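Visitor: I've got a new model open and I'd like to learn how to read it. Could you walk me through a few features?

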Amino acid sequence: MSRAYGRKLAIDRADLSLSRGRILGLLGASGSGKSTLLRAIAGLENIDSGSISIDGEVVSTPRRTTPPEARRVGMVFQDFALFPHLTVAQNINFGVKDRPNRDALVVDLLERLRLVDKAGLFPHTLSGGEQQRVALARALARDPAVILLDEPFSSLDGYLRAEVRDDLIQALRDSGTSAIVVTHDAQDAMVMADDLALMEAGRIIQTGTPRDLYRHPTSVAAARLLGPINLIEAEVRHRMATSVLGTADTDLPEGRAWMGVRPSDLALTTPGEGQAVRVTSVSDVGAFNMVRVMLGMQTLALHVSGEPPCVGDTITIAASPTHLRVLA
């Protein structure tokens with residue numbers, strides 16, 4: 001499906017599917033169209049072509065749009081959008097006011113999201129993580145076919161971010177509800193998602209499992225979305241790409257291409273067994289040292305555990321052929 005604002009395509013022929021009970025991560029830079037796509041699924045944006053179906057029912061076409069409240073979609077916004085004048089229990093109750101046994105359902109959600117002791121409190125007295133759990137409980141209360149989460153961790157930092165993320169994953173798993181999580185953070189996407197879709201300039205550029213996309217990106221744009229990568233010029237001839245770091249099979253047409261290798265996949269070697277490079281910087285980042293080197297006129301980065309080389313040293317590096325990726 002597509003969505004345009006004047007001449008600008010916010011969503012350009014996006015094609016996605018989500019299996020029941022799975023979490024789909026939608027990863028892209030700011031302005032790539034992620035939130036517009038999420039809002040279209042929720043019924044908050046019209047579409048200009050294509051269609052959207054939820055649980056086998058078509059809910060959006062260019063001519064007909066099912067209103068948001070009739071879609072069985074739960075939405076958790078960046079700012080949580082809790083009602084400030086209602087308590088935690090009342091916020092959750094708002095989502096189930098038309099359902100039978102709503103009191104029992106609210107109690108169940110309070111227990112599942114570990115909010116029983118917060119039931120009588122107002123949102124402004126809660127931490128960011130607690131507010132997020134309330135927003136999720138309110139969304140789950142409607143028994144949605146899918147929950148949409150738009151940058152759910154954007155207001156959280158450090159340890160709290162990881163803790164809240166883990167809580168959210170567990171709550172979604174326990175509920176068995178399908179979910180789409182929009183994020184610009186590769187680590188959040190890798191940790192949360194069963195399946196991942198990479199988005200750039202309104203287009204879905206690659207889909208797959210997080211591990212497959214990290215290890216087997218098909219383009220420079222896809223590779224960069226999932227973390228740092230060294231890019232080296234390569235020449236494609238007879239379905240083989242050749243660079244100074246080695247060769248790799250490819251289906252790309254003959255000519256110039258890029259060969260990518262993650263910093264964690266470059267290794268120090270003994271002299272004579274790799275490419276000689278000069279060390280330009282060494283940074284201790286905790287679990288390893290980030291070492292930057294010059295290969296010809298190009299700067300590369302690699303992770304070194306243990307004792308690092310010194311700035312100015314000449315060292316040799318190599319990459320396993322299985323870690324070299326030919327990129328369009």
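Guide: Let's start at a turn. In the hairpin of β11 and β12, two residues sit between the strands, and His 238 takes a positive phi near 55 degrees. Keep in mind that this is a predicted model, where local features need pLDDT of at least 70, side-chain atom pairs count only at pLDDT 80 or more, and totals for chains, interfaces and linings use all residues. Residues are numbered from 1 along each chain as its sequence is written, and side-chain values use heavy atoms, with hydrogens and water left out.

Visitor: How many bridges pair β11 with β12?

Guide: In general, strands of a sheet pair through backbone hydrogen bonds, either parallel or antiparallel. Here, a strand is a DSSP run (E, at least two residues; helices are H or I, at least four), numbered from the N terminus, and two strands pair if DSSP finds at least two bridges between them. β11 and β12 (residues 240-243) are antiparallel over three bridges, and Glu 235 has Thr 242 in β12 as its bridge partner.

Visitor: Which residues of β11 and β14 pair up, and in what sense?

Guide: β11 (residues 230-237) also pairs with β14 (residues 255-261), antiparallel over seven bridges. Look for Glu 233 opposite Trp 258 in β14.

Visitor: What is the strand order in the open sheet of five strands?

Guide: Read across it: β15-β19-β16-β17-β18, with antiparallel pairing. β15 (266-269) and β18 (298-304) are the edges; each has a single partner strand, so one side of each lacks a neighbour in the sheet. From one strand to the next, the twist averages 50 degrees, using lines fitted to C-alpha atoms (for helices, over the stretch in contact) and angles from 0 to 180 degrees between N-to-C directions.

Visitor: What does Ile 204 touch?

Guide: Ile 204 is in β10 (residues 203-208). Leaving out residues up to four places away in sequence, its contacts (heavy atoms within 4.5 Å) include Ala 14, Leu 16, Leu 26 and Leu 37. Leu 27 is 177 residues away from Ile 204 in sequence, yet their C-alpha atoms are 9.5 Å apart.

Visitor: And what percentage of the 328 residues is buried?

Guide: Buried means under 20% relative accessible area, exposed over 50%, and partly exposed in between (1.4 Å probe, protein chains only). By that cut-off, 47% of the 328 residues are buried. The secondary structure comes to eight helices and 20 strands.
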